[in-house]
Amino acid sequence: MNDSGALLPWLVIREDDNGNRYRVGRYSTRAEAQKVADSLESRGRKQLYWIERLGQDSTVGRTGTRN
């Protein structure tokens, strides 16, 4: 059995204007996840993006602004 959480432990999370949260994707490294979050944030939308490590309760890094 293969636990994909061990292979792709970094998540990019998006929160919309209504407070709904969605997982955008899973990535193997923090740098890869941060690059995706930064790219999405740079599009100028009002959503908030951050990265989390799978299995961690705390947020690792948040990016983006909400107007």
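Asp-16 lies in the loop between strand 1 and strand 2 (21–27); helices (H or I, at least four residues) and strands (E, at least two) are DSSP runs, numbered from the N terminus. The model is a predicted one, in which local features need pLDDT of at least 70 and side-chain atom pairs count only at pLDDT 80 or more, while totals for chains, interfaces and linings use all residues. Residues are numbered from 1 along each chain as its sequence is written, and side-chain values use heavy atoms, with hydrogens and water left out.

Asp-16 is buried yet has no salt bridge. Buried here means under 20% relative accessible area, exposed over 50%, and partly exposed in between (1.4 Å probe, protein chains only). A salt bridge is a side-chain nitrogen of Lys or Arg within 4 Å of a carboxyl oxygen of Asp or Glu. For charge, Lys and Arg count as positive and Asp and Glu as negative, whereas His and the chain ends are not counted. The nearest side chain of opposite charge to Asp-16 is Arg-14, 5.1 Å away. The side chain of Asp-16 does reach the backbone nitrogen of Asn-18, at 2.9 Å.

The protein has 2 helices and 4 strands, and from the N terminus on these elements run α-β-β-α-β-β. Of its 67 residues, 31% count as buried.

By the rule given above, the count comes to 1 salt bridge. This salt bridge joins the side chains of Glu-15 and Arg-21, with an N to O distance of 2.9 Å. Glu-15 counts as buried because its relative accessible area is 10%. Arg-21, in contrast, has a relative accessible area of 53% and is therefore exposed.

Glu-52, in strand 3 (residues 48–53), is also buried and has no salt bridge. The side chain of Glu-52 makes a polar contact with the side chain of Trp-50, at 2.8 Å. A polar contact is a pair of N or O atoms within 3.5 Å; within protein, one must be able to donate a hydrogen and the other to accept it, and residues adjacent in sequence count only if both atoms are side-chain atoms. The C-alpha atoms of Glu-52 and Pro-9 are separated by 8.3 Å, although the two residues are 43 apart along the chain. Pro-9 belongs to the loop between helix 1 (4–7) and strand 1. With a relative accessibility of 8%, Pro-9 counts as buried.

Helix 2 has 12 residues and reaches 16 Å from its first C-alpha to its last, close to the 16 Å expected at 1.5 Å a residue. The expected span is 1.5 Å times one less than the number of residues in the helix. The buried residues of helix 2 are Ala-33, Ala-37 and Leu-40. They cover an arc of only 65° around the axis, and therefore lie on the same side of helix 2; the arc is that of the directions from the helix axis to the C-beta atoms. On the other side of helix 2, Ala-31 and Lys-35 are exposed.

Arg-30 is in helix 2 (residues 30–41) and, at 42% relative accessibility, counts as partly exposed. Arg-30 and Leu-11 are 19 residues apart in sequence, and their C-alpha atoms are 8.6 Å apart in space. Glu-41, also in helix 2, is partly exposed because its relative accessibility is 26%. Between the C-alpha atoms of Glu-41 and Arg-14, which are 27 residues apart along the chain, the separation is 9.7 Å.

The largest nonpolar core has 8 residues in all: Trp-10, Val-12, Tyr-27, Ala-33, Ala-37, Leu-40, Tyr-49 and Ile-51. Strand 1 (10–15), helix 2 and strand 3 each supply at least two residues of this core. Helix 2 gives the most to the core, with 3 residues. A nonpolar core is a set of buried Ala, Val, Leu, Ile, Met, Phe, Trp, Tyr and Cys residues joined through side-chain atoms within 4.5 Å.

Val-24 is found in strand 2. Its relative accessible area is 36%, so Val-24 is partly exposed. The C-alpha atoms of Val-24 and Ala-37, 13 residues apart along the chain, are 8.9 Å from each other.
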